[in-house]
Amino acid sequence: MTQPSPPLTDLLRSASVRKHSMSDSIVNARLVTVLVDRVLYARALSCFYWILSRIESELNHAAETDQRTPTSDMNKLISYILFRHMNAGLVPFVTASTPLFRRDAIAQDLEYYLGPDWKRDAEKHSLSYVQAYLERLDYISSNKDVSILLAAHAFTQHQAFASGGRILASRVIPKGLGLDPHSTDGRKAFQYSSGDDAYVRAQRESVKCALDDLGKHMSDQEKELFVKEHCLVFTMNNTIVTSFRVGWLNPLRAGMTFVSKALLSSPLGWMTVGVAVSVALYRYYYTSTIH
């Protein structure tokens with residue numbers, strides 16, 4: 001008797017566990033160094049504004065296309081039937097994902113940090129790797145055979161913002177950037193319509209269920225492509241994050257900001273700061289990064 005295929009989200013989790021762990025380490029290490037400079041943090045965040053804006057726009061478009069049925073022209077009707085088979089269940093997935101959409105929330109943070117002309121500043125400091133990511137999304141969205149892969153990007157990015165991002169917003173970001181802990185200003189990228197953690201967990205679970213339902217309509221080959229795309233998202237995210245230039249002083253400033261006063265009162269604390277200085281100087285003199 002043939003064993004039933006595991007849920008799609010189980011396949012994603014087992015295939016990406018190492019990449020996920022590596023991505024967390026890379027993002028957290030780099031994020032700490034930008035969380036001492038509001039402008040630098042905003043420019044780093046803007047990289048994902050462009051990405052999430054494109055993902056969410058294309059995902060909505062794909063879902064709308066999925067619901068439109070041609071009434072004439074046999075060739076268009078055949079194309080629609082094939083597309084509908086490939087994207088069966090996409091509309092429920094988009095509906096479940098909508099509460100986690102981040103484009104507008106990120107835009108509010110960028111305006112808070114960079115002012116009303118934030119979009120021009122963000123465009124000026126955008127990375128070539130962000131453009132490469134957008135080109136990948138353009139390829140997916142323009143090819144009906146693989147357009148379902150947009151869901152892999154949406155799922156991976158939105159889950160990251162709704163999980164680890166929530167922890168950063170509540171603890172690390174206010175301390176690093178000197179924000180009012182009682183206000184959501186400057187932290188809206190990680191805030192949702194209900195600030196309750198239970199609400200966010202419920203929304204994340206709803207998206208997972210919708211993705212598993214979507215997976216039921218996929219062949220084994222389609223699932224394999226989906227899993228590969230999920231892993232590719234981590235790779236592209238890591239490339240963007242490690243390519244963002246932070247300078248050599250920010251690691252030192254981060255060390256002074258996030259190392260507790262109690263630790264600084266001990267030799268071990270100052271040794272930690274010394275290591276941070278050494279790392280900062282090494283990065284400045286022996287590594288090159290992309291602006």
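The following legends describe close-up views of a predicted model.

Figure 1. The predicted model contains 14 helices and zero strands. Read along the sequence, the pattern is accordingly α-α-α-α-α-α-α-α-α-α-α-α-α-α. Of the 291 residues in the protein chain, 45% count as buried. Among contacts between residues at least 6 apart in sequence, 83% join residues that are at least 24 apart.

**Figure 2. Packing of helix H1 against helix H11.** Helix H1 spans residues 8–34 and helix H11 spans residues 220–243; their axes are 9 Å apart and pack at an angle of about 0°. H1 is therefore roughly parallel to H11. On the H1 side, the contact is made by Leu8, Leu11, Leu12, Ala15, Ser16, Lys19, His20, Ser23, Ile26, Val27 and Arg30. These residues meet Lys223, Phe226, Val227, His230, Cys231, Phe234, Thr235, Asn238, Val241 and Thr242 of H11. By residue class, the contact of H1 with H11 comprises 11 nonpolar, seven polar and three charged residues.

**Figure 3. Salt bridge between Glu229 and Arg136.** The side chains of Glu229 and Arg136 meet in a salt bridge with an N to O distance of 2.5 Å. Glu229 belongs to helix H11 and Arg136 to helix H7, so the pair ties together parts that are 93 residues apart in sequence. Glu229 counts as buried, at 3% relative accessibility, whereas Arg136 counts as partly exposed, at 25%.

Figure 4. Ile140 lies in helix H7, which covers residues 128–142. The residue is buried, with a relative accessible area of 0%. When residues up to four places away in sequence are not counted, Ile140 touches Val146, Ser147, Leu149, Leu150, His153 and Glu229. Leu150 is 10 residues from Ile140 in sequence, and the two C-alpha atoms are 6.8 Å apart in space. Glu229, also touched by Ile140, is the salt-bridge partner of Arg136.

**Figure 5. Arg187, a buried residue without a salt bridge.** Arg187 is placed in the loop between helix H9 (164–177) and helix H10 (197–215). Although buried, Arg187 has no salt bridge. Leaving aside residues up to four places away in sequence, Arg187 touches Asp109, Ala169, Ser170, Ile173, Pro174, Leu179, Asp180, Pro181 and His182.

**Figure 6. Salt bridges Asp117–Arg120 and Lys216–Asp213.** The count of salt bridges in the model comes to nine, and two of them are shown in this view. Asp117 forms a salt bridge with Arg120, the closest N and O atoms being 3.8 Å apart. Asp117 counts as partly exposed, at 43% relative accessibility, while Arg120 counts as exposed, at 60%. In the other pair, Lys216 forms a salt bridge with Asp213, with 3.3 Å between the closest N and O atoms. Lys216 is exposed, with a relative accessible area of 65%, and Asp213 is partly exposed, with a relative accessible area of 40%.

Note on methods: Residues are numbered from 1 along each chain as its sequence is written. This is a predicted model: local features need pLDDT of at least 70, side-chain atom pairs count only at pLDDT 80 or more; totals for chains, interfaces and linings use all residues. Side-chain values use heavy atoms; hydrogens and water are left out. Axes are lines fitted to C-alpha atoms, for helices over the stretch in contact, and angles run from 0 to 180 degrees between N-to-C directions. Helices (H or I, at least four residues) and strands (E, at least two) are DSSP runs, numbered from the N terminus. Angles under 35 degrees count as roughly parallel, over 145 as roughly antiparallel, 65 to 115 as roughly perpendicular and the rest as oblique. Contact means heavy atoms within 4.5 Å. Ala, Val, Leu, Ile, Met, Phe, Trp, Tyr, Cys and Pro count as nonpolar, Asp, Glu, Lys and Arg as charged, and the others, Gly among them, as polar. Buried means under 20% relative accessible area, exposed over 50%, partly exposed in between (1.4 Å probe, protein chains only). Lys and Arg count as positive and Asp and Glu as negative; His and the chain ends are not counted. A salt bridge is a side-chain nitrogen of Lys or Arg within 4 Å of a carboxyl oxygen of Asp or Glu.
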